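Reader: I am new to this structure and would like to learn how its parts get their labels. Could you take me through it?

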Amino acid sequence: MFEELLQSSYFSIFLIIALGFMLERIKIKGLSLNVSAVIFIALLFGHYGVIIPKALGNFGLVLFIFTIGIQAGPGFFDSFRSKGKTLILLTLLIVGSACLTGIGFKYAFDIDTPSLVGLIAGALTSTPGLAVAIDSTQSPLASIAYGIAYPFGVIGVILFIKLLPKILRKDLVAEAKALEENRRGQYPALKTATFRVINTNICNKTLAQLQLRAITGAVISRVKHNDVISIPTASTMLQEGDMIKAVGNDKSLDQLTILLGERTEDDLPLSQTQELQSLLLTNKSIINKTLGHLNLQGTFGCTVTRVCRSGIDLPAEPDLVLKFGDKLMVAGEKEGLKELAQFMGNDEKKLSNTDFFPIATGIVLGVLVGKINISFSDSFSFSPGLTGGILIVALILSAIGKTGPIIWSMSGSANQLLRQLGLLLFLAEVGTSAGVNLVSTFQESGWTLFGVGFGITIAPMVMAVAFGYYVFKINILNLLGTIAGGMTSTPGLAAADSMSDSPAPSVAYATVYPIAMVILIIFIQAIAHLII
């Protein structure tokens, strides 16, 4: 009866996942496998003949890669602009060292070229690489070699990534905290301050004439004139002795002190008809529009003092583009705030709800992009494949944010759930597929090719650490994602992703993976045609 149940894919896959999570909780000297434990259970099941359908694994892969791309999209382009050259160089080093290691072993052990390119593709777990290897050599030896190198290509990257923080003696929690502090440091903290107008040069002039926000970057949130506190408008005229409350960073508040004349410790409390509220942007029609375009002051008589996005307070500048889920701190009259809340949406439920239409549409577009085949000559063509197509589309859509009524984003909880589900399905299928012929392949083909595949997998990761960590001084979390991306290893990303709450590994992976995929395809075709 139990054997019959094991032949049922839905029973087997959840049994593998359950046992994987049990194995995950076992720690040896503080080291555990986390979610990647599932693949080791799957290898064992695969060895004993349990098979998970490939379609189910692809379904999981699609979900996992799409959610990674959606999360990493905004950070991907920032990362590429700031660290693009370094990451391209490191990716070239990873793929190049893998190929050079393979070529060295070819001459040392007299390995034929079809087997060589198959070993390289398997060691880097690259399905597009295998397709190119088969197409370039027209030999079944490429597939056999790929099958030999693939299991350790999967397991080796996972183990290397899991062990690397221990080897380098790095605390990933502390590293994630440092990265977050560095990110926040790019946006100086916003503070409030009160000023007294004593500079006669600015008296009897309106805020529109003075352009205080444009000059200093500070936002005037309220003005006190003749003991009356009001929310300022563009036509508010400043008089000598007026009190002003403003929001800004240290630099902008210092500049405001120079312009106005005196900084005081007084406070300007809101009157009974005024309030300071935090409003949530959930109205799709105003996403991707700037604060200046919306003119909330002129329309609702309300002043936006700051915008909170992903835990960071951003100055309320006129050219700030608003995103879905932004929290706006707004000062104004109660009636105006009530109308503004309706205009903004201010609906927590919309933020937590999951809209599956953009998810399904994005995946469909990704699959179609993956089918594109670009031919540069009779001997060289390129196709992104399933993984590459979906990742590229997800990155672009996430960065765009909104197209008409469609919002290309997901709540954090929905993203995490779909990512975890997709990852578990993918690991279970990959593990059982790799485990089926693991022992028999070694017996038939010997251990030489396995040893070569082992070397091709390990060498580029060691090179990545040597140059990435010690030369380029890349943060360990970024380095883990870069290694996974450079090795085109989705299971490797799963291992890195499970070790920290930081999005840094995912962003680095998303930045590096497309580059590595293209470089690997070019190198495999070059080896197949040039190395005899």
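Author: Let us start with a word: a residue is buried when its relative accessible area is under 20%, exposed when over 50%, and partly exposed in between, with a 1.4 Å probe and protein chains only. Helices (H or I, at least four residues) and strands (E, at least two) are DSSP runs, numbered from the N terminus. This is a predicted model, where local features need pLDDT of at least 70, side-chain atom pairs count only at pLDDT 80 or more, and totals for chains, interfaces and linings use all residues. Residues are numbered from 1 along each chain as its sequence is written, and side-chain values use heavy atoms, leaving out hydrogens and water.

Reader: What makes strand 6 (residues 243-248) mostly covered?

Author: Six of the six residues in strand 6 are buried. Met-243, Lys-245 and Val-247 point one way, Ile-244, Ala-246 and Gly-248 point the other way, and all are buried.

Reader: Which sense does the pairing of strand 1 (residues 191-197) with strand 6 take?

Author: Two strands pair if DSSP finds at least two bridges between them. Strand 1 and strand 6 have six bridges, in the antiparallel sense, and Lys-191 stands opposite Gly-248 of strand 6. Strand 3 (residues 219-225) also pairs with strand 6 in the antiparallel sense, over five bridges; there, Ile-220 has Ala-246 as its bridge partner.

Reader: Why are helix 16 and helix 17 called oblique to each other?

Author: Angles under 35 degrees count as roughly parallel, over 145 as roughly antiparallel, 65 to 115 as roughly perpendicular, and the rest as oblique. The axes of helix 16 (residues 356-370) and helix 17 (residues 385-400) cross at roughly 130° and come within 7 Å. Helix 16 and helix 17 are therefore oblique.

Reader: What classes of residue make the contact of helix 16 with helix 17?

Author: By class, the contact has eight nonpolar, five polar and no charged residues; Gly counts as polar, while Val and Ile count as nonpolar.

Note on methods
Axes are lines fitted to C-alpha atoms, for helices over the stretch in contact, and angles run from 0 to 180 degrees between N-to-C directions.
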